[in-house]
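Here are a few exercises on pockets and helix packing. Grab your viewer and work through each task before reading its solution.

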Amino acid sequence: MLRSALLNVMIKAAHKASRALKRDFGEVEQLQISVKGPASFVTAADRRAEETLRAELEHARPGYSFLGEEGGLHEGTDKTHCWIVDPLDGTLNFLHGIPHFAISIALEREGTIIAGIVYNPVSDDLFTAERGKGAFLNDRRLRVAARRELSQAVVACALPHPSRGDVILTRNEHAAVQQKVAGLRRFGAAALDLAWVAAGRLDAYWEHGLSPWDIAAGVALVREAGGFVTDLHGREIELKSSGILAANAAIHADMLALLSEVRCQMTEV
Ligand code: IPD
Ligand code: CA
Ligand code: CA
């Protein structure tokens, strides 16, 4: 498949970082049985992956800014372009030897995300999207699912730790959605949740309190696969938005209504 120079740069960086991540994941699987556990080892793997990605991307596109989860913002001389990177999305899965995690890389140009890739090194699933050029899983063009009924939908959500989110609100949302859909899932890697909406595996996904590196690449994927992405009030998603809802058009409207109803009921009580 012929890909643009930009996507090739992003893919090359992801492949390079993924080689060490995969080795580290193998190590983590061994460390599960040790009492100390793999936590500090994983933090080091995460940082190393970000350093590799930054070095590769900066080498290919000197001057671009770089925003990474681990190292924060490094401002470049080119103020119009910024890489937005999560070197390891799904850290808790990785830490527990669960092979569901990804590298997420997006490129923002003057406030617009123009390309995104999400790569799971274990399954070798490579999701790519470029503005106006479609979304792909490896060589296959992606479209969001065509299902129109909530009752047939499989929907992904989050289960935030109580220290990180509004537990009551999330529980109420879960209860309301669970009653209406065919299946509710929690996979634990936001970038892959979005990629799976783009691939039509999931019909919808919502979550509160995410960061730009969790969603930047996934938003590009969903849009280019013909899906809808907004914040939880139905407004256009921004990287600083505190919540996200992604789905196909019909399911998006129903999910938005359902989640708004939950919030209304809570304010009435
Ligand atoms: C987390 C994952 C998880 C989501 C959390 C994120 P991390 O990212 O995407 O699915 O529920 O909100 O922070 O910490 O594994 O990079
Ligand atoms: Ca993340
Ligand atoms: Ca991360």
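**Exercise 1.** Which helix gives the most to the lining of the second largest pocket, and what else lines that pocket?

*Solution.* Start with the helix: α6 comes out on top, supplying 3 residues. Keep in mind that you're looking at a predicted model. Next, list the elements that give two or more residues to this lining: they are β5 (112–120) and α6. Now go residue by residue. The lining includes E108, G111, T112 and I113, and also R131, I215, V219 and R223. Sort the lining by class and you get 5 nonpolar, 2 polar and 5 charged residues. As for space, this pocket holds about 170 Å³.

**Exercise 2.** Which domains give at least three residues each to the lining of the second largest pocket, and which do so for the largest pocket?

*Solution.* Take the second largest pocket to begin with: domain 1 (5–141) and domain 2 (150–268) each put in at least three lining residues. Then turn to the largest pocket, where domain 1 (5–141) and domain 2 (150–268) again each contribute at least three.

**Exercise 3.** Describe the largest pocket: its volume, the residues closest to its centre and the elements behind its lining.

*Solution.* Volume goes down as about 790 Å³. Of the 33 lining residues, R164, R186, G188, E207 and L210 sit closest to the centre. For the elements, look for those with at least two residues in the lining: the strands β3 (78–89) and β11 (204–208) qualify, and so do the helices α3 (91–95), α4 (167–180) and α6 (212–224). Finish with the class tally, which is 12 nonpolar, 11 polar and 10 charged.

Key. Residues numbered from 1 in each chain as written. Chains lettered and ligands numbered in written order. Predicted model: local features only at pLDDT ≥ 70, side-chain atom pairs only at ≥ 80, totals over all residues. Heavy atoms only, no water. 1 Å grid on protein atoms, 1.4 Å probe; cavity = no way out; pocket = protein on both sides within 12 Å on 5 of 7 lines; lining within 4 Å. Points joined across faces, edges and corners; volume = space filled by probe spheres on them. Helix = DSSP H or I, 4+ residues; strand = E, 2+ residues; numbered from the N terminus. Nonpolar A, V, L, I, M, F, W, Y, C, P; charged D, E, K, R; others polar. Domains from an automatic or database assignment.
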